[in-house]
Amino acid sequence: MFRKGIKKITSVILTTALLMSCFCVSDISVFADRESETEESADTLSLSSTDSGIDRLNTDYTTVSAGYSAELYSGDAILLKIDEIADDTSKSFLTSDNYDYSNDVLSVKAGDVVTLNVDVPATAQYVMSFDYLSYDESILPVEIGLKVDGEYPFYETRSMLFETTWVSGEVDIDRYGNEIVSLPDKSIRWEHKALMDASYRRSDELLLELRAGSHELELVMQEGSVLLGNITLSAKTEIKEYTGSKKAEGSALITIEAENFYERNDSSIHGVGEYEASLSPISATTTVLNIIDEDSFNEAGQRVTYKFNAENAGYYYIGMNYRQSEKNDFPVFVDFRIDGEIPNTEFKAYALPSNSKFGKTTLTDSEGNRLSVYLDKGEHTISLTINADNLRYALESVDRIMSGISDLSLEVTKVAGTNRDKYRDLKLTRYIPDLQSRLQGWVDELYDIADRAKVYVNAKDADDVAAFSYLLIAADQLQSLADEPNELVYRVNELSTSVNSINTQIANFVDLINDNDLSIDRIYIYQEGAHLPGGAGFFNAIGTAVIRFVHSFFGQSYSASNTDGSHIQVWVNRPRTYVEIMQKMIDEEFTPQTGIEVDLCIMTDAQKLILSNASGDTPDIATGINYSIPYDLAIRGALVDLTKFDDYKEVFGRYSEGLLVPSVVEGGLYSLPETMNFYVMFYRTDILDKLGLEVPETIDELVAMLPDLQMRGLNVCYPTAPMLAMRNFHGTTPLIYQNGGSLYGETALDITVDSEETVTGFTELTELFTLYDLPVDVPNFYQHFRNGDLPIGIADFNSYNLILNAAPEIANSWSIALIPGVRDEETGEILRYMSGGAESSVMFRSDDEREEKAWRYMEWWSRAETQAEFGQRLQILYGDEYIWPTANLEAFAMLPYPTSDKDTIMEQARYILEAPRLPGSYMMERELSNAYNDVVVNGETIRSRIDDVAKTVSRETERKLEEFGYIDSDGNVIRIYTVPTVETVHEILTR
């Protein structure tokens with residue numbers, strides 16, 4: 001009763017708010033001529049970004065440092081010994097296990113807070129730098145927040161990254177003779193780094209303005225385990241001015257293969273093999289790594305280092321064979337360092353022009369003179385770091401414009417309400433007097449941003465800067481609004497909420513301009529008399545191409561046609577990058593341990609397994625298949641009941657019991673979960689802070705927030721909204737289970753979708769849309785979350801990966817939380833049941849010996865240490881976006897997810913509860929989707945529609961039970977089909 005009362009009250013509040021909004025708008029004309037009241041109203045209605053929470057735009061380094069008044073420090077470096085400046089509490093972190101350091105150091109990990117007391121000799125602007133050593137196995141960079149005297153000096157100090165160095169090993173060769181990416185080693189050594197912008201929009205150190213006297217530093221450990229050494233205060237690093245270039249006399253030529261790194265600061269930077277005549281090395285019959293993979297070397301701040309030897313002292317030119325085609329007709333900027341130092345200003349943010357195909361270039365100055373560097377005889381290093389300094393002005397400007405546009409969208413909605421009736425007469429400029437000037441100002445600023453970029457492409461007009469075309473599209477849209485500002489009432493979605501909104505266009509620009517995609521084949525260190533090598537000659541290229549064409553008909557790697565029948569055959573429904581790592585781990589670990597040979601084959605379509613079963617051409621194991629497929633194979637007798645193996649309890653005990661429900665068929669377990677598609681609640685911390693809203697714990701609390709959100713044009717995304725084709729069990733069942741409902745009773749013929757509890761849950765689901773006006777269709781939650789018009793949403797792993805790795809402009813402005821659930825009236829527990837099924841592994845029937853060998857492989861592959869190693873290798877080699885969502889929770893705890901997120905995801909995994917799979921259950925899923933659409937979209941009544949669902953599902957269930965021999969044609973029960981539940985799973989694992 002209490003929950004129903006809350007819903008009614010909230011409904012009244014929401015309806016009243018909407019009516020009041022319409023009332024205010026309809027009566028605005030009464031006050032149209034009262035200018036002073038109008039201006040006061042506009043001031044009241046505007047949303048300030050400084051109301052509460054973190055004001056990123058007004059506290060960033062650019063803004064704060066513009067107000068510095070102290071002189072730059074110019075004295076000698078000031079060493080602050082960590083064991084002397086740590087306060088009494090922080091001294092508990094001291095350790096003598098200091099990895100060959102001059103004094104004791106602090107050993108700290110995520111969650112620790114260290115307080116340091118320092119004395120500053122003079123008021124000045126300082127570079128503050130740290131000695132640190134990251135000693136754990138995590139691939140995530142160390143992340144630290146810095147407070148000075150209890151406050152963050154500027155926004156960037158809330159989260160600073162301290163990377164580690166990665167060194168390359170020998171090139172790996174797979175069993176087919178192809179070169180594959182080798183696993184780099186984390187260099188456990190002392191590093192030294194100054195305060196830097198974690199986004200690397202600024203490549204220089206961030207200066208701290210400190211007054212003379214004592215200061216308290218507070219280091220908040222956010223990620224990683226690290227030994228913290230001494231801190232240094234020093235002067236700003238100055239780069240020598242370019243005064244001209246000397247001729248590089250001589251004939252020396254040093255060629256560096258770019259894929260052969262000496263060091264890099266990001267483990268995911270790697271080589272890749274491409275076939276092109278101009279590249280080196282090249283092979284007609286095997287894959288050889290011959291270039292830097294442009295998808296891995298694309299972010300500002302990424303650095304690669306190479307070691308080379310100069311046999312003679314002298315001046316040398318620097319050239320390279322490269323490709324950079326992601327930014328159409330716009331350069332990528334690179335810092336070139338020799339022996340760790342930028343030689344002069346010409347080597348800073350050097351512009352590498354757009355190049356759609358590989359081509360050679362030599363570094364030159366602005367007048368076309370080749371740049372040279374002096375090298376002593378002996379060993380040297382050359383480093384290339386992607387630089388974004390020349391784009392910082394654009395990125396910071398569009399940040400402010402996007403924020404202003406979002407605030408204007410909210411402001412217009414507060415003035416006009418959400419009812420955008422075109423027949424209403426509302427002069428918006430009377431309530432937002434500066435509306436037209438704001439819009440026109442953004443138009444002019446966007447054109448100015450593009451205009452300033454002309455110098456980098458030798459363009460005459462801003463329209464010719466192709467890489468900035470998204471900004472010009474946004475400017476044209478804004479100009480259209482500025483020409484008719486009062487029409488904004490009816491076109492407010494064009495600001496930030498529609499799929500093609502102005503903010504979406506600007507966000508597309510940010511994505512494009514941040515994506516550098518630099519691929520390098522070779523680097524040349526050479527002198528005047530040297531001749532740079534060319535590619536293969538015409539006839540050699542033709543001959544190699546012919547050989548490659550002929551070879552393509554034979555011996556394809558990772559294909560079913562190229563396997564040994566005596567080996568265990570595993571079909572993998574994943575890309576080649578995944579399969580290469582799996583095969584390497586098998587060959588290095590599993591086979592030596594067990595003596596069992598395993599061949600992996602890439603499976604492009606998991607649905608072909610059913611056809612393969614019909615033809616008798618099945619593998620021993622299939623993995624990476626959708627979790628719903630095993631039931632269809634098991635019910636037809638194609639799969640092995642994995643409970644036949646002695647250690648099945650230990651193996652299946654590695655997973656959440658709710659995730660195993662679809663694996664159960666007639667008391668057996670026929671599939672082993674591999675990954676999970678976890679759901680969590682995403683929320684924009686900046687927007688909730690502005691509005692003074694708390695993160696909801698229950699559905700009732702979420703509903704209670706809606707008036708505050710919707711009166712400003714904001715809303716919430718529920719998992720059914722992104723499911724455009726069919727609302728599957730992941731969207732339709734959570735609220736049913738949270739309300740104590742079920743789809744089936746004890747047997748398959750006992751359809752309980754029309755039970756009181758299930759109808760209550762389904763009603764609560766549909767009322768989110770029919771009564772509380774949540775958006776029914778959200779094709780792209782990720783984009784709406786970025787825009788801010790859906791600041792709260794329940795979404796899955798794919799959304800998490802996108803937001804974490806492809807939304808840099810809202811970094812540190814969002815978080816995740818547990819799914820809002822339903823409070824159990826008896827226990828007080830909040831039931832947060834949610835689906836989580838993703839991919840599984842199955843074993844096909846064979847002889848006992850092969851099945852035993854196949855089980856040993858499945859047991860090994862599902863181990864926590866194996867899954868953790870695979871996930872770490874995947875992310876180390878290919879980058880942060882290659883997150884492995886293993887279903888093994890022990891392994892999940894070892895994977896390189898952000899610590900705070902990992903804790904939330906693992907807690908939510910406790911509430912995974914999948915719908916059972918049984919004869920006719922596909923009809924239950926389909927009919928629930930149809931019922932949802934009929935109620936939410938077509939306005940049908942819930943009770944009658946659910947009754948139809950029960951009848952349709954019952955008929956289809958009977959038909960399928962007859963097909964599989966559970967009932968006869970007269971409906972008489974031959975065998976009872978028991979519906980699996982979590983209790984069933986628990987019983988199987990404990991019997």
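F347 counts as buried, because its relative accessibility is 1%; buried means under 20% relative accessible area, exposed over 50%, and partly exposed in between, with a 1.4 Å probe and protein chains only. The model is predicted: local features need pLDDT of at least 70, side-chain atom pairs count only at pLDDT 80 or more, and totals for chains, interfaces and linings use all residues. Residues are numbered from 1 along each chain as its sequence is written, and side-chain values use heavy atoms, with hydrogens and water left out.

**Around F347 and its sheet**

F347 sits in the loop that links β22 (332-338) to β23. Helices (H or I, at least four residues) and strands (E, at least two) are DSSP runs, numbered from the N terminus. Leaving aside residues up to four places away in sequence, F347 touches I318, V334, D335, F336, I342, L363, L371, S372 and V373, where contact means heavy atoms within 4.5 Å. From F347 to R337 the separation is ten residues in sequence and 7.6 Å in space, C-alpha to C-alpha.

Both β22 and β23 belong to an open sheet of seven strands, ordered β11-β8-β17-β20-β26-β22-β23, with antiparallel pairing. Two strands pair if DSSP finds at least two bridges between them. β11 (185-186) and β23 (350-352) stand at the edges with a single partner strand each, so one side of each has no neighbour in the sheet. Within this sheet, β17 (residues 263-264) and β20 (residues 303-310) are joined by two bridges in the antiparallel sense. R264 has V304 in β20 as its bridge partner.

**A mixed sheet and the helix across it**

Another open sheet has five strands in the order β29-β28-β30-β40-β33, and its pairing is mixed. Its edge strands, β29 (598-602) and β33 (672-673), each pair on one side only. Strands β30 (residues 621-626) and β40 (residues 839-843) run antiparallel and are joined by five bridges; A622 stands opposite V842 in β40. Helix α24 (residues 848-861) lies across β28 (568-572), β29, β30, β33 and β40, at about 155 degrees to β40.

**Two helix pairs**

Two packed helices are described by the angle between their axes and the distance between the axes. Axes are lines fitted to C-alpha atoms, for helices over the stretch in contact, and angles run from 0 to 180 degrees between N-to-C directions.

| Helix pair | Angle | Axis distance |
|---|---|---|
| α13 (residues 576-594) and α25 (residues 864-878) | about 130 degrees | 10 Å |
| α28 (residues 921-936) and α29 (residues 942-963) | roughly 160 degrees | within 9 Å |

α13 and α25 are therefore oblique to each other, while α28 is roughly antiparallel to α29. Angles under 35 degrees count as roughly parallel, over 145 as roughly antiparallel, 65 to 115 as roughly perpendicular and the rest as oblique.

In the contact of α13 with α25, the α13 residues include Y578, I581 and M585, and those of α25 include F870, L874 and L877. The residues of this α13 and α25 contact divide into eight nonpolar, two polar and six charged. For α28 and α29, the residues that meet include M924, A931 and V935 in α28 and V949, V953 and E956 in α29.

T720 lies in the loop between β35 (716-717) and α19 (729-732). T720 is also buried, with a relative accessible area of 0%. Among the residues that T720 touches are L765, F769, V776 and Y932, not counting those up to four places away in sequence.

Methods: Nonpolar A, V, L, I, M, F, W, Y, C, P; charged D, E, K, R; others polar.
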